[in-house]
Structures are given as C-alpha cells and as structure tokens.
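Student: I am new to this structure and would like a close look at a single part of it. Please take one residue as the starting point and then work through what lies around the rest.

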Amino acid sequence: MNEEKPTCDNIYSFDAKALRERYNPDGSALRRDQLELLKMLEHVAKICDENDIKWWLSSGTLLGAARHKGFIPWDDDIDIVMLRKDYRRLERILRKQNDPDYVLHSMRSDVEYVNCFGKYRKRAGRIESSGRRYDYYKWCGIGFDIFTIEKTSFFAAKAASTIYGNIQHLTSYIRWGWLRKPLIRLIELLCLGIIFPVLRLIGLINPKGEYHYSLGQGWSRHTFLAKDTFPLTTATFEGDSFPVPRDMDAYLTRVYGDWRKLPNDETIKRCIHCKEYLREIYGKQA
C-alpha cells in the first residue's frame, strides 16, 4: 500500500469546531456510537490486514476523511468497500470466528436481512429506526456497511437493483413470518440464481471498464474506475490511517459533485437515520 498523498484540497470554508458542537459533541449519543463504530472498523481492518484482504473507505465515510479528516459530524454510519472475491473470504473468516459481541449481518445469517451487502453489527443493543423491515431483524445494534464492487455496466447494476429492490420491498408489508420468510428466499433464488447471472453477462459489455456496487446492492450511479482506485493509498480518519482510493477527488466528484460544499441543514436532517440522534440534535420537533 502506498503512503498517504495529498490528493484533495485541504482548505475548506467551514468551522469544524462549530459543526462538532452542533451535531456530535463529545458525550453525545451520536459521538458515542461513532467511536464504537470506529472500534468495530479497526477490528475488521486488522482481520483484513492479517489475511491480505484489500478494502477501502467509501461513500460518506470517504467524504468524511477527505473533508473532515474523520466522521462527517452528522453521519451515523461507516461505509467500506472491497472486491466480491475478497468479501467472500472475509465472510468465511467472520463466520468461523463466531464473535460473542459482533456479527456479520447478511442473507446467510438472517433470512429477514434482504440487503445484498453485509453489515458488521453489534449483537447487543437496538437502534431506533423507522425502517419497515427493522423489527424483523435478528440483530438490531449499531453497525457499518461492507459493500462489494464488480466490473459491470451501469445498465446491469441499475437493472439488478431495480428488479430486486422493488420485488423484495413488497415482502416488508407481509406481517406473517410463515409467509414472508419463504417468499424472501424465493425472490433471492430467482434474482441471485437466475436474473443476476444473466445481467452479469450483459454487464461484461463494458468498454469503459467500470466497476459498480455488486448487482442488487443499489446506488448504481456510484462508478469506480480502476485507474482512480488502484493502487490504494491512505488517508487520515479520526486520527488513524485507513485505505482509500488513489484519487479520492475523482471518485468524490463523480458521486457528489462539489463535495467540498456543505449541505444545508434540511438535507443534513434527512441523512440522519436514527431517531435518537435526531431528537438529540433537533429536539422534540425531529
């Protein structure tokens, strides 16, 4: 892995101290959970390093590293990404560990978890979420997302996400577990076993050599280019050094446009998933 390079502009027009005081001051529930997520990330990072598994910060976490040198003050999640083959290896390792405190929440470990990406989750605790499917989950503690990417086209990624997401969403309205669970598995079999392999072949028609989140994971407009990603370098996140794409600016600009500009407060409010954090920041009106 290369040493850290100053790939992004380090001059920002915002008051970092004021943002911390507004959204995640020391002692707040959000800051407490951010630090717990950081601890969990460091644990997974150690496992990846020991097993030569390549991974890197992505999405809002990468934006936080580039713009804030740590968490975006209002962010209540961590996003990392790796190649599909590396994720399969990590999944096997985490399943064998059977950690008493943490679990890889995935389709394999919980039938009610229908996301095509994994979530490294704390077994204990419960996040207040408005998600319709959340009450069905086997584990409801805080956690961070582990996405995978594959070489495919935007069309294939978009088609897979639209088909799988729309069909699977319908199962969240079924109250009876005896009916909901087999339908979830039937949809997974149909999509992962039949539709996705066809779309994966179509995705090979990809003259630009683009990578996208693996089929069914969503966010199909997030484009990864090998020339901007590899070889990985490092960036500072919460005082530690973590892997990031070789050209952070190129990726962040494709995804967020002018990523150096802060969103307005209303947009920030929509980005916060947990009701507890919303009440803490905005009061009872949240």
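Tutor: Start with Thr-234, which is buried, its relative accessible area being 9%. The cut-off for buried is under 20%, so Thr-234 falls on the buried side of it. Bear in mind that this is a predicted model. Thr-234 belongs to strand S8, which covers residues 233-237. From Thr-234 to Tyr-213 the count along the sequence is 21 residues, and the C-alpha to C-alpha distance in space is 21 Å.

Next, consider another strand, S4, made of residues 118-122. Of its five residues four are buried, so S4 is largely enclosed by the rest of the structure. S4 has pairing partners. One of them is strand S3, residues 102-105, which runs antiparallel to S4 and is joined to it by four bridges. In this pairing Tyr-120 of S4 has Leu-104 opposite. Another partner is strand S5, residues 143-151, also antiparallel to S4 and linked to it through four bridges. Here Ile-146 of S5 stands opposite Gly-118.

As a general matter, nonpolar side chains in soluble globular proteins tend to be buried together.

Neighbours within four places in sequence aside, the residues in contact with Trp-55 include Leu-41, Ala-45, Ile-80, Met-82, Leu-232 and Phe-242. Asp-49 and Pro-243 are also in contact with Trp-55.

Helix H2 also contains Glu-36. Glu-36 has a relative accessibility of 16% and therefore counts as buried. With residues up to four places away in sequence left out, Glu-36 touches Tyr-102, Lys-122 and Ile-142.

Phe-155, Val-198 and Ile-202 make a nonpolar surface patch of about 270 Å². Val-198 sits in helix H6, residues 177-203. Its relative accessible area is 47%, so Val-198 is partly exposed, whereas Thr-234, where this account began, is buried.

Notes. Residues are numbered from 1 along each chain as its sequence is written. This is a predicted model: local features need pLDDT of at least 70, side-chain atom pairs count only at pLDDT 80 or more; totals for chains, interfaces and linings use all residues. Side-chain values use heavy atoms; hydrogens and water are left out. Patches are made of residues with over 30% relative accessible area and no salt bridge: like charges are joined within 9 Å, nonpolar side chains (Val, Leu, Ile, Met, Phe, Trp, Tyr) within 5 Å. Accessible areas come from the Shrake-Rupley method with a 1.4 Å probe; for residues, only the protein chains shown count as cover. A salt bridge is a side-chain nitrogen of Lys or Arg within 4 Å of a carboxyl oxygen of Asp or Glu. Helices (H or I, at least four residues) and strands (E, at least two) are DSSP runs, numbered from the N terminus. Buried means under 20% relative accessible area, exposed over 50%, partly exposed in between (1.4 Å probe, protein chains only). Two strands pair if DSSP finds at least two bridges between them. Contact means heavy atoms within 4.5 Å.
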